[in-house]
Amino acid sequence: MHLRGRSVRPIASSDPVTTLTQPSSFSYHFTRFSRNRKTGPIPVTTTSANSCPPNCGLRRNGCYAESGPLAIHWRAVSQGVRGATFEELLQEIGTLRRHVLWRHNQAGDLTPSAPGVIDAELLIQLASANRGRRGFTYTHYPPTSENRVAIQQANDLGFTVNLSAQTLAQADAYADIGVAPVVVILPTGTNRPVRTPAGRHVVVCPASLGSTDCSSCEICQQRDRVAIVGFPAHGVRAKQAQAVFLAETSR
């Protein structure tokens, strides 16, 4: 279902990462059946680009959602042409059947209350709307002490928030925190499991290998898992994303 959001005047730009003119305004788009071959036909959401943390290493630097068909959709959501309010998003989630698998934010991130700070109240509302369902997402927000509390609360309520790492060493650091499952970027073409510097097992996303999709795999929704899930850099800007991994790894 395509919901219409608040009217906002967009910044003139073709870059999907441009923010709305009102920093406190966010737009949320709900798709009941995704046509993305990697996710499979599950419900997915998209949040305006001003939700992304300003210090994300992939921002304008290899983010897969900044190019291709998804970028066109994300730009429309970010400009307020598509999407709805947070309250309307919660209503849509509430209509999902019980135990359904769904992905929050195929593009975009968790709603912030300030730059780099997750809005804990909104995240808890989202997790509460998810009760009885199997929602999952990923966040590039740094796991600061404040953000950790919000992320752990959401996971405890049954809404899986994965911490997104940019290197294997960072994946170890995030796993050491112990508040949420971890995912990490991998070099393009990686098709076998790898190990982090601390010896943790990193399984390559099965959907990235083309052997299944999210609707059948469901590993990213498993909040108590031990394995780290690795996503080989992909998309038009894959080389940039891989460069982020390699640059950080070589330090």
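The structure holds four salt bridges. The model is a predicted one. Side chains of opposite charge can pair when their charged atoms come close.

Take R32 and E92. They form a salt bridge, and their closest N and O atoms are 3.0 Å apart. The pair links distant parts of the chain, 60 residues apart. R32 sits in the loop between β1 (28-31) and β2 (44-47), while E92 belongs to helix α2 (residues 86-94). Is E92 buried or exposed? E92 has a relative accessible area of 9%, under the 20% limit, so E92 is buried. R32 counts as partly exposed, at 26% relative accessibility.

Next come R134 and E218. Their side chains meet in a salt bridge, at 2.5 Å from N to O. R134 is partly exposed at 24% relative accessibility. E218 is partly exposed too, with a relative accessible area of 26%.

D176 and R200 also meet through their side chains, in a salt bridge of 2.6 Å, N to O. Which parts does this pair tie together? D176 is in helix α5 (residues 168-177) and R200 is in the loop between β9 (194-195) and β10 (201-204), so the bridge ties parts that are 24 residues apart in sequence. D176 has a relative accessible area of 57%, which is over 50%, so D176 is exposed. R200 counts as partly exposed, at 25% relative accessibility. There is a network here as well: salt bridges link D172, D176 and R200.

| Salt bridge | N to O distance |
|---|---|
| R32 and E92 | 3.0 Å |
| R134 and E218 | 2.5 Å |
| D176 and R200 | 2.6 Å |

Now the sheet. Nine strands make an open sheet with mixed pairing. Their order is β1-β2-β3-β6-β7-β8-β11-β10-β9. Which strands stand at the edges? They are β1 and β9. Each has a single partner strand, so one side of each is left without a neighbour in the sheet.

Strand β7 (residues 160-165) pairs with strand β8 (residues 182-186) in the parallel sense, over three bridges. L163 stands opposite V182 in β8.

Methods
Residues are numbered from 1 along each chain as its sequence is written. This is a predicted model: local features need pLDDT of at least 70, side-chain atom pairs count only at pLDDT 80 or more; totals for chains, interfaces and linings use all residues. Side-chain values use heavy atoms; hydrogens and water are left out. Helices (H or I, at least four residues) and strands (E, at least two) are DSSP runs, numbered from the N terminus. Buried means under 20% relative accessible area, exposed over 50%, partly exposed in between (1.4 Å probe, protein chains only). Two strands pair if DSSP finds at least two bridges between them.
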